Amino acid sequence: SRFGTSVLRGEWARLTPDGRLLVSLLALILLGPYLPILDLVKLVGIDLASGHQQARLDNVAIPAVAAYLLWRGYRTNRFRLPIHTIFYAVFLLWLGAMTAVWWSNIPADYSGSISRGVSLLSSAEAYVRPLLVLLIAANVQVSRTDMSILIKLILAAAVSMSVIATLQLLPYTEDVINPFLARFYDNSAGSEAFWLVVENGRAAALMPQLSTLGMYLILAAALAAVFIFRIRSRRDSVVLGLLFGTILLGGMLSGSKIFPAGMGLLVVLSAIYVRAMPRISPSKILVAVLLFVVVWAVAALVFPDQSKSMRGRIFPDDGNYINQYFAGRFDPDTGKVFRNGAVDIAQDYPITGLGMSVVNRTTDSMLLGIVIMSGVVGFTLYSIAIGLVLWRLWQISVSDQDRELKALARTLTLLTIVFVVISVAFHTLIQDRAGDAYWLLVGLVIGPLAMKTGTAGELEPDSSA
C-alpha cells in the first residue's frame with residue numbers, strides 16, 4: 001500500500017550509510033531464496049559442494065561485505081579487530097590445521113562416507129560466518145536509529161515467518177505456498193524431507209530447518225521483551241501483545257524442541273524488567289497479556305495437534321526434561337553420539353580432534369562437534385572467545401550506559417547463555433540466518449554502539465534527530 005511504502009521510505013531515510021548497508025544485508029540473510037549459484041563454480045570444473053547446486057546470495061554477500069569493510073578500515077586506519085574475534089580466528093586456524101592434517105590420514109575406524117557426510121565448503125562456512133559477521137559489526141559506524149530499525153526488521157521477519165508457517169499448514173493455502181517454498185527455500189531441494197515435515201504438521205517457513213526457526217523466534221521474543229520499556233500508549237500494548245502471540249504461534253507450528261526453552265527465558269526477562277513495570281500502566285500491560293492469550297487460544301483451536309504437542313514439550317508426562325530435549329542422543333546404549341563414534345573420537349584424540357572430516361559424526365551437538373574436530377585446544381579457544389563476548393555484554397549491562405542499551409545487552413547476555421546450553425544438543429551458534437542475526441546484534445552492542453557513548457552514558461544523538 002501507499003502508506004506502507006511511505007513508512008518504509010521514511011525509515012530508510014533515517015538510516016546512516018552503514019545502517020543502510022546492514023539493513024540490506026540482514027534482509028538478504030533473513031529473506032533471501034536458494035538459487036543455483038554453485039553451478040557457476042562447476043563451470044571451472046570444481047565441485048566444492050559435493051553435488052549440491054543451490055546456495056543463497058548471502059553466502060556470497062557476507063564475505064563480500066566483510067572484505068569491503070576490512071579494506072575500508074585499513075585504508076582509513078580505522079580497522080578494528082576486537083579481542084574476541086582474534087580468539088575466534090585462532091580457533092578457526094587451529095580447526096583448519098587439524099582438518100588439513102587428518103583429511104587424508106583419517107584413522108581407518110573413522111573413515112568412510114559417514115565421516116564426510118557434509119561437504120568441506122558448507123562445514124567451513126558454518127564456522128566462518130560468525131567471525132565474518134562479528135568483523136562486519138566491529139567495522140561499521142551506526143547510530144541508535146540504525147540499531148532500532150535492525151531490531152524492527154528482525155521482529156517483522158519473525159511475524160512474517162509465523163504467518164508463512166501458518167499458511168503452510170492451512171488446508172486452503174498449503175497447496176499454493178508449499179511448492180514455492182520447496183523450490184526456493186528448501187536447503188535440500190529435490191528431496192522428500194520438506195514434504196515429510198509438512199505432512200507431520202510442522203513448518204520451517206523461510207528457515208532451512210525447524211530448529212533454526214525455533215532459535216530465531218527465541219531471539220525475536222527476547223528482543224520484543226526489550227520493547228516493554230517503550231510502551232507509551234494502548235496501541236503499543238496491542239502491538240506487543242500481537243507480536244508475542246504471533247511469535248508463540250510460529251514456535252508452536254515449528255514443533256522445534258528449541259523453542260519451548262525460550263519460554264523459560266521470557267520468564268527470566270520479565271523478572272529482570274520488573275523494576276521498569278511500575279512506570280507502565282497496569283491496564284496497558286493487561287491489554288498486551290489479553291491479546292497474547294487470545295492469539296494463543298485461537299491458535300490452539302485451529303491447530304489442536306500442534307498445540308497439544310507444544311504443551312507436551314513444556315510439560316512432559318514423565319517430567320523428564322533431559323530426555324525430552326536430548327531425545328536419547330546421549331544414551332550409552334542407543335544414543336547417536338555413541339553409535340556414530342563421536343564419544344570414541346573424543347576419547348581417542350582428545351587434544352587435536354580429527355578436523356572437519358568427522359563433522360557429521362556429532363549428530364546435532366555443536367559443542368561435541370567442536371571437541372571431536374579440534375580437541376581440547378580448539379574447544380578452549382572457542383570457549384575463551386564466547387567468554388569474552390559474555391564478559392563484554394555483562395559489563396555493558398551493569399554500566400552507566402543508556403537504559404535501552406543496557407537492557408539489550410542484558411537480553412543478549414541471557415540469550416548467549418541459553419544458546420550455549422542448547423548447543424549441547426543443537427547447532428545454535430553456527431546456524432545461518434538465525435545465528436547471523438544474533439551475532440550481528442552482539443557485535444554491534446559490544447562494538448560501535450558501546451563506543452559511541454558520552455561521559456553521561458547516553459548514546460550520541462542520531463543525525464536524523
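The exercises below concern confidence, overall architecture and selected residues.

This is a predicted model, in which local features need a pLDDT of at least 70, side-chain atom pairs count only at pLDDT 80 or more, and totals for chains, interfaces and linings use all residues. Residues are numbered from 1 along each chain as its sequence is written, and side-chain values use heavy atoms, with hydrogens and water left out.

**Exercise 1. Determine the confidence of the model.**

Step 1. The pLDDT is the predictor's confidence in each residue, from 0 to 100. Its average over the chain is 80, and 74% of the residues score at least 70.
Step 2. Residues 43–47 have a pLDDT below 50, and this stretch has 2 contacts (heavy atoms within 4.5 Å) beyond near neighbours in sequence.
Step 3. Residues 453–465 also fall below 50, with 20 such contacts in the model.
Step 4. Where pLDDT is low, the predicted coordinates should not be read in detail.

**Exercise 2. Describe the chain as a whole.**

Step 1. The chain contains 20 helices and 2 strands; helices (H or I, at least four residues) and strands (E, at least two) are DSSP runs, numbered from the N terminus.
Step 2. Of its 465 residues, 51% count as buried. Buried means under 20% relative accessible area, exposed over 50%, and partly exposed in between (1.4 Å probe, protein chains only).
Step 3. Of the contacts between residues at least 6 apart in sequence, 75% join residues at least 24 apart.

**Exercise 3. Is arginine 56 buried or exposed, and which side chain does it contact?**

Step 1. Arginine 56 lies in strand β2 (residues 55–56).
Step 2. Because its relative accessible area is 1%, arginine 56 is buried.
Step 3. Its side chain makes a polar contact with the side chain of aspartate 432 (3.2 Å). A polar contact is a pair of N or O atoms within 3.5 Å; within protein, one must be able to donate a hydrogen and the other to accept it, and residues adjacent in sequence count only if both atoms are side-chain atoms.

**Exercise 4. Locate asparagine 187 and list its contacts.**

Step 1. Asparagine 187 is in the loop between α8 (174–184) and α9 (193–199).
Step 2. Its relative accessible area is 33%, so asparagine 187 is partly exposed.
Step 3. Leaving aside residues up to four places away in sequence, asparagine 187 touches Tyr34, Pro208 and Gln209.
Step 4. Asparagine 187 and methionine 207 are 20 residues apart in sequence, while their C-alpha atoms are 8.8 Å apart in space.
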